[in-house]
Amino acid sequence: MAQLRQEVDPSEVGLDAKALDRLDQHFAHYVDEGRLPGYLVAVARGGRIAHLTTQGHRDRAAGLPVEPDTIWRMYSMTKPVTAVAILLLVEDGLLSLDDPVGRLLPEFADPRVHVSGSGDAMVTRPADGPVLVRHLLTHTAGLTFAFYHSHPVDARYREAGLEFSVPAGADLAETMEVYARMPLQFEPGTQWNYSVGFNVLSRVVEVVSGQRLDEFFGDRIFRPLGMPDAGLHIVPEQADRLSELYGETEGGGIEAIPGLPLRGRPRFLSGSGGLAATAYDYHRFMEMLRRGGELDGVRLLSPASVALLSSNHLPGGTDLRAFGAPAHQEPGNDGLGFGLGVSVVIDPTRTLSPSSPGTYGWTGAATTAFWVDPTHDLTVQFHTQVRPKTLKVLPELRRLVHESILDQEVSGQTRLVSGR
């Protein structure tokens, strides 16, 4: 069975084993306190796994431990996979990032933008221009989520039954009809707002490719990259490896809560948050990105496409904190731009935790995270399954990993990292 294994001693690739031990101790304390059920963390340099730790349980009630082959709900870490799917269609010549979405999905042909008011008194106007594919990839389309409670448009989403992003029982095509009736929160391409846009991109993939989303992912991404457990649902023989999902309680503990309906093919195939995969699977995906679109002799994307994915596309070249509703005004968004489905570090001096310019990655709603650091030739992933309220793992994880970096390659020579 394919699973991650440590391949090299940290010291052989310029990492400090003692610092990585501190990382393990830090998160093991979270497990001991009952704030995390368990976790997996993996750090690779130059493509080789230099640190791999599993702690705690994937299912506390059943006493099942976290293991290297545990299957995790990736939630929004699905989005970079969908971005790669779109870029594959672009490279196939079937799609352009500047294609109007309304040309592909006619229901989006005449978008309207919120002007003022709410409810029945809401005033809208025709958008100045179309929503483009690139707007969906960068969350600059003017779409939103129902759960923000920060703008009259997200209230309209709730009124339309989109509290959980999808109308009950709907498939992708049916959901698009509902999304298209919603006014845009702003003129396409002018602001940033994290949204349901990747569900729209999921339908774009289906219409342009002529395949169901899970079939396209399997044929064009998962099988070519050797990601054997990745998919938008799990089969019976995988079920005992799926981690239980937990929610953070008011007292800082955790309790089991319902998760994505992964057992059996769902009617709604979500390229926004539907992926289930192991750490081995996601390591293969990260490695393809780190290597500029190629892995083990299989070229999935051109280096130019990977560079496009990992570049900042925000209006004016600014960072995430400059845009959107109060939900986006978190200090951790300082210094972060946004590419195609991933955040991108554009100013390390302003980020909440140590980072390197050009580092890109994303997180998932169950406290999963990954990033690729081109400066240090590093990839990192962290997996647990907790829907958080106050828990913030990523800043601590970034700091602890960054503290482990002893040297870096510059012009073929190893030198000590400044400040170490």
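Trainee: What do the buried residues of helix 11 pack against?

Mentor: This is a predicted model, to begin with. In it, the buried residues of helix 11 pack against helix 1 (17–32), strand 1, strand 15 and strand 16.

Trainee: And which residues of helix 11 are buried?

Mentor: Helix 11 covers residues 394–403, and its buried residues are Leu397, Arg398, Leu400 and Val401.

Trainee: Take strand 16 next. Why is it called largely enclosed?

Mentor: Because 6 of the 6 residues of strand 16 are buried, the rest of the structure largely encloses it.

Trainee: Which way do the residues of strand 16 point?

Mentor: Leu378, Val380 and Phe382 point one way, while Thr379, Gln381 and His383 point the other way. The residues on both sides are buried.

Trainee: How many bridges join strand 1 to strand 16?

Mentor: There are 6, and the two strands run antiparallel. For a specific pair, Val41 has Phe382 of strand 16 as its bridge partner.

Trainee: What about strand 15 and strand 16?

Mentor: Those run antiparallel as well, joined by 5 bridges. Asp373 stands opposite Leu378 of strand 16. Strand 15 and strand 16 form a hairpin with 4 residues between the strands, and in that hairpin Asp377 takes a positive phi near 55 degrees.

Trainee: Zooming out, what is the strand order in the open sheet of 8 strands?

Mentor: The order is 3-2-1-16-15-14-13-12, and the pairing is antiparallel. Strand 3 (64–65) and strand 12 (336–338) are the edge strands, each pairing on one side only.

Trainee: How does strand 12 pair with strand 13?

Mentor: Strand 12 pairs with strand 13 (residues 343–345) over 3 bridges, in the antiparallel sense. Leu336 has Val345 in strand 13 as its bridge partner.

Trainee: Which strands of the sheet does helix 9 touch?

Mentor: Helix 9 packs on the sheet and touches strand 1 (38–45), strand 2 (48–59), strand 14 (360–364), strand 15 (368–373) and strand 16 (378–383). The direction of helix 9 makes about 155 degrees with that of strand 16.

Trainee: What span should helix 9 have, going by its number of residues?

Mentor: Helix 9 has 12 residues, 279–290, so at 1.5 Å a residue it should span 16 Å. Its end C-alpha atoms are 16 Å apart, which agrees.

Trainee: Is helix 9 mostly covered or mostly open?

Mentor: Mostly covered, with 10 of its 12 residues buried. Among them are Tyr282, His283, Arg284 and Phe285. Just after helix 9 comes Gly292, which takes a positive phi of about 75 degrees.

Trainee: Back to Phe285. What is Phe285 in contact with, leaving aside neighbours within four places in sequence?

Mentor: Phe285 is in contact with Pro80, Val81, Val84, Ile221, Leu225 and Met227.

Trainee: And which members of the largest nonpolar core touch the most other members?

Mentor: Val84, Ile221 and Phe285 do, in a core of 92 residues. Helix 2 (residues 79–91) gives the most to this core, with 8 residues. Apart from this core lies another, of 27 residues, including Leu23, Ala28, Leu36 and Val393.

Trainee: Different topic. Where is Thr175, and is it buried or exposed?

Mentor: Thr175 is in helix 6 (residues 172–181). Its relative accessibility is 0%, so Thr175 counts as buried.

Trainee: What does Thr175 touch?

Mentor: Not counting residues up to four places away in sequence, Thr175 touches Ser165, Val166, Pro167, Ala170 and Phe268.

Trainee: Does Gly93 count as buried or exposed?

Mentor: Exposed, because its relative accessibility is 60% and the cut-off for exposed is over 50%. Gly93 sits in the loop between helix 2 and helix 3 (101–104).

Trainee: Last one. What is the order of the open sheet of 3 strands?

Mentor: The order is 8-7-17, with mixed pairing. Its edge strands are strand 8 (254–256) and strand 17 (386–387), each pairing on one side only. Strand 7 (residues 246–248) and strand 17 run parallel and are joined by 2 bridges. Gly247 stands opposite Arg387 in strand 17.

Notes
Residues numbered from 1 in each chain as written. Predicted model: local features only at pLDDT ≥ 70, side-chain atom pairs only at ≥ 80, totals over all residues. Heavy atoms only, no water. Expected span 1.5 Å × (residues − 1). Buried < 20%, exposed > 50% of the residue type's maximum accessible area, 1.4 Å probe, protein only. Pairing = 2+ DSSP bridges. Contact = heavy atoms within 4.5 Å. Axes fitted to C-alpha atoms, helices over the stretch in contact; angles between N-to-C directions. Core = buried A, V, L, I, M, F, W, Y, C linked by side-chain atoms within 4.5 Å.
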